[in-house]
Every structure is written in structure tokens, then in C-alpha cells.
Amino acid sequence: MSDLTHSPAWQDLAAHRAEVAPLHMRDLFAADPDRFARFSLSAAGLLLDYSKNRITGETLPLLSRLAEATGVAGRRDAMFAGESVNNTEDRAALHVALRNRSNGPILVDGADVMPEVNAVLARMRTFSTAVRDGSRRGHTGEAITDVVNIGIGGSDLGPRMAVDALKPYQRPDLRVHFVANVDGADLHDRLQGLDPARTLFIVASKTFTTQETMTNAGSARAWLVERLGDEAAVAAHFVALSANPDAVAAFGIDPADMFVFRDWVGGRYSLWSAIGLPIALAVGMDRFEELLSGAHAMDTHFRTAPAAENMPMILGLLGIWYRNFFHAGSHAVLPYDQHLHRLPAHLQQVDMESNGKFVTRDGQPVDYATAPVIWGEPGTNGQHAFFQLLHQGSEFVPADFIAAAESHAPWRDHDDMLLANFLAQTEALMHGKTADAARAELTARGLRGAALEALLPHKVFPGNRPSNSILYAKLTPAVLGALVALYEHKVFVQGAVWGVNSFDQWGVELGKQLAGPLLAALRAGDTVSGHDGSTNGLANAIGALRRGGHIE
């Protein structure tokens, strides 16, 4: 048994879980008319209702003691202070500096990073303004109408999510596209219909060696040069988000068009950095800075609010409650806002790449569950796909419901229908439907006897399935910034409790290492024999199919 699971705080929670498990939330609501008021709070333009959780007045104080015992507040303060909280790479994790709108000093190795942060933001403003007002033009003198961001992981998921989320703030004559998958179909399909003379490519790779990104960038370069007929066109149509000026120059990009981000900016936390350039191009730099301001407001709340009134702390600890004491294997993120349709994908990386670890910061194996599987789709689409499992399935899946009181679309009847479903689904998950209630409904429909008894079990909903609801007035850049920062800090809280390093990602390396020799063999058409039987067989089957073979 580890120090964590052996700790008094953990043991107290285990005992408390035994007390809470038999309780049903519908009874807790019936007994406490003020439950919503007691278990909700507002910060940075967001309202969090966590009353539909399997908690009593004792639960959060007990969870807060676990946070105290594991030093969550100290880890938080160390991160904001620029200390090397990423111990396996000896780096700070200072995405919070990128959105530090107070501009107060933040030190790394004794040097204030804010002048550099501000300089990059100023360059982003100059460049994005020039593209948007037409003064930055392509090789043949045409204005830019399409921007293609080429990246993968954090260089794709965060910016793509934000650009989609802020679509109401974009112009129809400047479109931003994203390419990530090394599958050539992704780039090929994205380039269809684009005018090379009016297309700008952003290549996002810190090292400028990321295999998928540079393969796509090389093909995009060839596409451009072939159609414009001049290698010199590359410099007018490509910019780089990188820290490798030599490789950028070798590609044909003017180093003056390279936007730098530092090694203390983790990929999944990088949309606030130069990696956010496609966001600035899409909505303008003023809106991008509003995005930063919203995140900074959540940062300030996270740093200063007491645990009982701290939104990221509460969400993080509730996640611990369900992951470790109710053994929930997954967590659903369900935005009832179509513009947030890419938020679950972004949060998959933020959460699972951060805390999907089986050893602690000091390398000791854990004997408790860490990151859950994060998944989700927008409502109401999900209601017609997987909500059956949420309501009546055998899996226990806590969920976050996210909604705007008012959408950017002009149809109020759509808003009303969407929000009615948002409210009803959380109520149904919490309350369920008893056998008595189901029996009364079936009887009212005229069913009797064996027919009623046969159908009755299928009409019962157990309820008691927890959810959080996050509500905001309208999805603005500031609200989006606060929402994403909320989830980043939630993940941080959980990693601190579990004692894992939330800022490295060594697990992505092994597959890359093994892909190297396999890539060489596939390109050469060689017989593959140096791997396990399955890998050998599949690789050789690919070769046979490429030579005209077929599958029986």
C-alpha cells in the first residue's frame, strides 16, 4: 500500500464512500431545498453547479484534506512561480505566463519571462494584422484568403478547437484550415479548392523535425511550388512556429517569419503561445488577447480562492472522488454548444497525456487509478448515440454538461430546445425513474398483467448518476479562455494528488521509435522479419497488397 492510499485522508474518504454509496441524490435534493445554493459557485464568467453529485456536506471537506495532505496548493504555487515542476525534463510549466495579463514578473532561473512573452504577442499582432488587412500578400501579389495550419497534437488540437469555438467572430473572406494526420488524405482533401496564390501555410513544430508535421509540410511545399512555378514562393507563403531557426531556413522560410515558443510551454498547453497564431489570424489579435484575459481570470481565481470556493479545485477533487473511490473508468464531457464540438478532443490530450501515468514523480509505481478516459460529443447529438449507456448502462460514467444561456445563432427556439434538453438530461441522470413511477405510467397507458410486468424492468432508470453543469452567458473569447484554463487546472489538481508529473509525455515516444525501421522497410519494399509475428505478418501483408495481391 502506497503512502497515498495509506494516508489518514485517503482512509477517511474510503470510509465516507461507504456511508455515501447507499444514498440516492433524489433523496438528498428532497431533504435539502438549498442544495443548489450550497453546491454551486461562479468565477471568471462561468457558473458551476455541482449539486448533482453523490456528495454530502462532509465530502468536499474530506477531499480538501486529501489535497492538503498531498500538497496541491504548494505545487500550484511552485508552478506559478516558475519552478521546475516538470522534474523528468527539468523544466518549468509556465503556460500561465503566456496569459499573464497583469504583466507582473514571472521568473525562470532568475530571469523574468514576461518581456519575451510580450514581444511574441507583439509580433503576432503585427503579422496577423498584416494578413487580415491585406498588406501581407502572397508571391504573386494576391491577398491571403486561406490559412492552413500544419501541426499535430498540441499544435493542432487546441488551436483547432479554439478556431471552431470562435467561428462567430471570424470573417468569411479569411478561412483557417487544419491538417494533422500523416494520412495523405488529410492534406489532399484540405487543399482541394484552395488557390495557392492566396494560401498561407503555418508549420507548427518546436523542433521542426516532427515526422507527421514535416511530411505534411513537405508535401504542401511541393504543391505550392508546382503550381506557382517558383521556389521563391515558399518564403511568401510559409511561416513557422518553432525554436529551430536553422531547420526553418533550410525549408525556405525566412527566419523573420519564425515565431518562437520556449521549452516551458508544453504542447497541450500551447494554444496561448505562438501556437495560437491561427486563432489570432481567424479572429484578430484583440479577440485573441480577450481569450488570454479569460484564462488569466481563471488563473487568478485558482491561485487565490479558498479550496471550498475554488472551481478547479472542486472539479479536480470530485474527479478524484469518482475515479478512486467509485472506480469510474471514464469521464464524459458533453458541450451543449455546437461551437465546442472539438473541446472533448482537446481535453482528451490535456487530461490523458498529462495524468495517464503509472509511476509517481519519483518513479515509484502507483497502486491506485490515475487519469480516466475522457470522451464526449455535443448535445443533443450524443443523446441519440450513447446516452442510453449513461442512463441505463452498467458503466458508471460521471459527466460534465456545458452550455451557453444564449447562442450566437439567431433562432431562439433552437436555443430553448437545446437548453431544455441540457436541463432535462442532468435531471434524468440524477433522479432516474423508480419502478413505482414506471408502473404508474404503464398502467395509465392501459397495460396490465403479464405485458406490464414484462415491460416494467426496461422502463426503470436507476438515476443517481453524477454530473456537473457549467453555464455561461454566451461563448465569447474570454469565456472560452476561462473554460479551457478551468480544465487545465482541474487536471493539475488531480496530478498533484496522485503525485504524478502532469507535464511530461514519455508514453508517446515508444511507438515513434518502433516506426522508424518499419518506415524504412515499407519504403524499400523489404520483407519484415525483426518484429513480433503479428507485426511481421501485417507489414508483409501490406507489401503483398501493394504488389497487387488481394485479401481472400
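A polar contact is a pair of N or O atoms within 3.5 Å. Keep that cut-off in mind for the first stop of this tour through a predicted model.

**Stop 1: Arg465**

Select Arg465, in the loop between helix H21 (449-455) and strand E13 (467-472). A polar atom of the Arg465 side chain lies 2.8 Å from the backbone oxygen of Leu390. Now look for a charged partner. Arg465 is buried but has no salt bridge, and Glu395, the nearest side chain of opposite charge, is 9.0 Å away. Show the surroundings next: Arg465 touches residues including Met25, Leu389, His391, Gln392, Leu429 and Met430.

**Stop 2: helix H5**

Move to helix H5, residues 59-69. Which of its residues are buried? They are Thr59, Leu60, Leu62, Leu63, Ser64, Leu66 and Ala67. The cover over these buried residues includes helix H1 (3-6), helix H2 (8-20), helix H6 (72-80), helix H16 (311-325) and helix H22 (477-498). After H5 comes Gly71, with a positive phi near 70°.

**Stop 3**

In soluble globular proteins, nonpolar side chains tend to be buried together. Here the largest nonpolar core has 118 residues, and Leu46, Met124 and Leu480 touch the most other members. H22 gives the most to this core, 14 residues. Select Leu46 and display its neighbours: among them are Leu41, Met298, Met311, Ile470, Tyr472, Val479 and Leu486. Then find a second, separate core of 23 residues, which includes Ile150, Val203, Met214 and Phe238.

**Stop 4: Arg198**

Go to Arg198, in the loop between helix H10 (184-191) and strand E7 (199-204). Arg198 has a relative accessible area of 27%, so it is partly exposed. Its side chain makes a polar contact of 2.8 Å with the side chain of Glu142. Arg198 also touches Ala143, Ile144, Thr145, Asp146 and His237, among others.

**Stop 5: aromatic rings**

The structure holds 23 aromatic pairs. For one of them, select Phe208 and Phe251: the ring centres are 5.9 Å apart and the planes stand at 90°, so this pair is edge-to-face. The pair links distant parts of the chain, 43 residues apart, with Phe208 in the loop between E7 and helix H11 (211-228) and Phe251 in helix H13 (residues 245-251). Are Phe208 and Phe251 buried or exposed? Both are buried. Then select Trp10, Trp321, Tyr322, Phe325, Phe326, Tyr368 and Phe396, which form one aromatic cluster.

**Stop 6: backbone details**

Zoom in on the peptide bond between Gly379 and Thr380, which is cis, with omega about 10°. Thr380 is in the loop between strand E11 (373-375) and helix H18 (387-392).

Next, pick Asp90, in the loop between H6 and helix H7 (95-98). Asp90 is not a glycine, yet its phi is positive, near 50°. Why does Asp90 count as exposed? Its relative accessibility is 60%, and exposed means over 50%.

End at His327, in the loop between H16 and strand E10 (330-336). His327 also is not a glycine and has a positive phi, about 60°. With a relative accessibility of 62%, His327 counts as exposed.

Key:
Residues are numbered from 1 along each chain as its sequence is written. This is a predicted model: local features need pLDDT of at least 70, side-chain atom pairs count only at pLDDT 80 or more; totals for chains, interfaces and linings use all residues. Side-chain values use heavy atoms; hydrogens and water are left out. Helices (H or I, at least four residues) and strands (E, at least two) are DSSP runs, numbered from the N terminus. Buried means under 20% relative accessible area, exposed over 50%, partly exposed in between (1.4 Å probe, protein chains only). Lys and Arg count as positive and Asp and Glu as negative; His and the chain ends are not counted. A salt bridge is a side-chain nitrogen of Lys or Arg within 4 Å of a carboxyl oxygen of Asp or Glu. A polar contact is a pair of N or O atoms within 3.5 Å; within protein, one must be able to donate a hydrogen and the other to accept it, and residues adjacent in sequence count only if both atoms are side-chain atoms. Contact means heavy atoms within 4.5 Å. A nonpolar core is a set of buried Ala, Val, Leu, Ile, Met, Phe, Trp, Tyr and Cys residues joined through side-chain atoms within 4.5 Å. Rings of Phe, Tyr and Trp (its six-membered ring) pair if their centres lie within 6.5 Å; planes under 30 degrees apart count as stacked, over 60 as edge-to-face and the rest as tilted. Lists of a residue's contacts leave out its neighbours within four places in sequence.
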